[in-house]
Amino acid sequence: MRCVHQSRWLEYRAPFGALPLGTSVTLSMDAFECNPFEIAVYLRTWIDGVGEKRYRCEQDSEHAHRFSVTLTPDTPALLWYRFVIDSPEGCFTLGAAQGCVGGTGVMSNNPEAPSFQITVYEPRTIRPSWYEGGVVYQIFPDRYRRDAAWRERCQEVLAQPHAGIPRQLVEAWDEPPVYERNPNGSIKHWDFYGGSLKGIEEDLSRLAKLGITAIYLNPIFEAASNHRYDTADYLAIDPMLGTKEDFSSLCATAQNLGISIILDGVFNHTGDDSRYFNRFGNYPDAGAWHDVHSPWRRAFHFHDDGSYDAWWGIGNMPALNEASPEVQELILGDDGVVRYWLRAGASGWRLDVADELSDEFLAGIRRAACTEKPDALVLGEVWEDASNKVSYGMLKRYLLGTELDSAMNYPVRDVIIGFLRGWMSAELAAETLESLRENYPPEALCCALNLLSSHDRPRILSVLGEAPDEAQLPEYERGRFRLDTDGMELGLARLRLACLMQMLLPGVPSIYYGDEFGLEGLTDPGNRRTLPDAASITDMRAHAAHTQALRLRQGYEVCRTGGWYSWAAAQDVLAFERTSAKEHMTVLINRHRSETRALSCQFVGPQVEDLLSGRIYSLGQDARVSLNLEPLSAMVLYGVRSH
């Protein structure tokens, strides 16, 4: 007996992919090489909190080998399913391949075989249309751009008495960042370069011209450190960066240029040097550290011995007790952090370490944000497939319709880098992309943040140029390391391909500040170098790679809103197509460094144009065209459907 189910083929699962709540899905399997009248087929389902159910599959009246059942899920959830076949030969299961949740089924006699996934979600009524189809630019504020008054403002802040880790200014803007450490490994002092909100505002016209439609700002609230993930006051702009008035001005100027502002919400923990915890006594109220009767004592997780929970055990980042009334009001209240800054001009939130936040708290953030602005964005920092993420032993509900609009698309980053570096075959890269297409609700997929670099990861040019693993270098070299000539040439050639993939795959591309100028850097602090002056850039190939890909994204609606499909077109060649009722676009990427790949591709319409070279290919009677894809090159083949 041979049984067949393919979760991505409409003959076996219709409709495809994630399922809007209230929609019916028909699941089918075929049984070959047996007498179909001698077997019974059941669909076994599982939903967390509901448990197991079994449904008898009906035999098709015209095709006796096919067995089907139709379900209409009535609650947002991950629905897991596999087939159970009772036959004269024994009992078998037809489930997903090991390590997969979709694709071609595998038959076995294992009653606990892996199941297929269906994401049942509740569609959002008012979507963040200002964000969908756009382009994000991520800024680490201290290292972006100074304004004329930066020195006086920063010196005034630093002149105020402040216990704790010392802080100092770095005068030379192009000085590579380093961490000086005490013998015990702790930070000796925090270095500030003086980037500001006014500095960002003064550069908005350049970003608008580049095609940016949203800016994601790393934390801007008052904090002791230069990264500001150790929040000191959620309701105050860090005075090193400016004022609340500066923030509102930034938002207003950006809005006039078609740019929205997304803030970094760090709601899992604060800093120990904060008005809530106040370890060093820098704030007038005693705070949770000094006063067991402080109203903020319940906002943290203190133990009988005086210790407390902290993010990953890092003592200067005490974890918030999100269930406490104080935290609920501070973050989610009518005048709480979420609504306060949306009211001040922001359009959405990126939630730091979303895995550390409970489903209830995430849902509360979403409610607060959408109450204030119905089209507000709530994006989560999730490093894996966000549709089936398990955190602390719990299956998360991120994309089911009440929590996150989507997540940072680290899986796509992994595909782009893994494929171009040769760590991932074209087949595995395509399979990973297809899994996302199947698992994510379409609205979550088009909101996924497609990043290549960030403040948490090495710069993309360094990665593609095969810089050494930072673990092989001392920390002080991370900001000083530079690619040699060969590494730079390789990195730039691959960057052009990476930008095309980033901009033309579904999702919202995110450019980390300076990547467009070929900024290099390994992990923190190397990835947090200052933005160079555009006039000082002599090699503009990185800029050309970004602008070319952006021009395609902006010029062709199909790559912003069209459907898609990925496959391995040949050895070392990854392909994906974007399709709509009127247009089709096929992107071909040859990662090989020295070999041309010959391809034969089929298209719809009388001809296609390679949008990179301008060459037009006429299609034969079989609608196929023969192509030669040069080493480390791409084609973007575009056509209009004939009717």
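Visitor: With which residue does Asp-203 form a salt bridge?
Guide: This model is predicted. Asp-203 is buried, at a relative accessible area of 10%. The closest N and O atoms of its salt bridge are 3.0 Å apart, and the partner is Arg-206.

Visitor: How many salt bridges does the structure hold?
Guide: A salt bridge requires a side-chain nitrogen of Lys or Arg within 4 Å of a carboxyl oxygen of Asp or Glu. In this predicted model, the number of salt bridges is 46.

Visitor: Is Asp-272 buried or exposed, and what is its relative accessibility?
Guide: Asp-272 forms a salt bridge with Arg-279, with the closest N and O atoms 2.9 Å apart. Arg-279 counts as partly exposed, at 23% relative accessibility. Buried means under 20%, so Asp-272 counts as buried, with a relative accessibility of 9%.

Visitor: Over the ring of which residue does the charged end of Arg-279 sit?
Guide: Arg-279 also forms a salt bridge with Asp-272. Its charged end lies 4.2 Å from the centre of a ring, that of Trp-289.

Visitor: Which residue forms a salt bridge with Lys-389?
Guide: Lys-389 counts as buried because its relative accessibility is 13%, under the 20% limit. The closest N and O atoms are 2.8 Å apart, and the residue is Glu-384.

Visitor: Which residues do salt bridges that share partners join into one network?
Guide: Besides the pair of Lys-389 and Glu-384, there are salt bridges that share partners. They join five residues named here into one network: Asp-334, Asp-335, Arg-339, Arg-343 and Glu-372.

Visitor: How many aromatic pairs are there, and why is the pair of Tyr-276 and Trp-296 classed as it is?
Guide: The count of aromatic pairs comes to 27. The ring centres of Tyr-276 and Trp-296 are 4.8 Å apart and their planes stand at 75 degrees. Planes over 60 degrees apart meet the cut-off, so this pair is edge-to-face.

Visitor: What is the angle between the planes of Phe-277 and Phe-302?
Guide: Phe-277 is buried, with a relative accessible area of 0%. Phe-277 lies in the loop between S19 and H5 and Phe-302 in the loop between H5 and H6, so the pair ties together parts 25 residues apart in sequence. The pair is stacked, with 5.7 Å from centre to centre and an angle of 5 degrees.

Visitor: Which residue lies over the face of Phe-302?
Guide: Phe-302 forms a stacked aromatic pair with Phe-277. Over the face of Phe-302, at 3.6 Å from the ring centre, lies Arg-297.

Visitor: Which residue in S21 stands opposite Trp-349?
Guide: Strand S20 (residues 348–351) and S21 pair in the parallel sense over four bridges. In S21, Leu-377 and Leu-379 point one way and Val-378 and Gly-380 the other way, and all are buried. The residue opposite Trp-349 is Val-378.

Visitor: What accessible area do Trp-312, Ile-314 and Tyr-392 have together?
Guide: Trp-312 is in the loop between helix H5 (287–290) and helix H6 (325–332). Trp-312 is exposed, with a relative accessible area of 68%. With Ile-314 and Tyr-392 it forms a nonpolar surface patch of about 430 Å².

Note on methods:
Residues numbered from 1 in each chain as written. Predicted model: local features only at pLDDT ≥ 70, side-chain atom pairs only at ≥ 80, totals over all residues. Heavy atoms only, no water. Patch = residues over 30% accessible without salt bridge, like charges linked within 9 Å, V, L, I, M, F, W, Y side chains within 5 Å. Areas by Shrake-Rupley, 256 points an atom, 1.4 Å probe, with all protein chains shown as cover. Helix = DSSP H or I, 4+ residues; strand = E, 2+ residues; numbered from the N terminus. Buried < 20%, exposed > 50% of the residue type's maximum accessible area, 1.4 Å probe, protein only. Phe/Tyr/Trp six-rings, centres within 6.5 Å; stacked < 30°, edge-to-face > 60°. Lys NZ or Arg CZ within 6 Å of the ring centre and 35° of its normal. Pairing = 2+ DSSP bridges.
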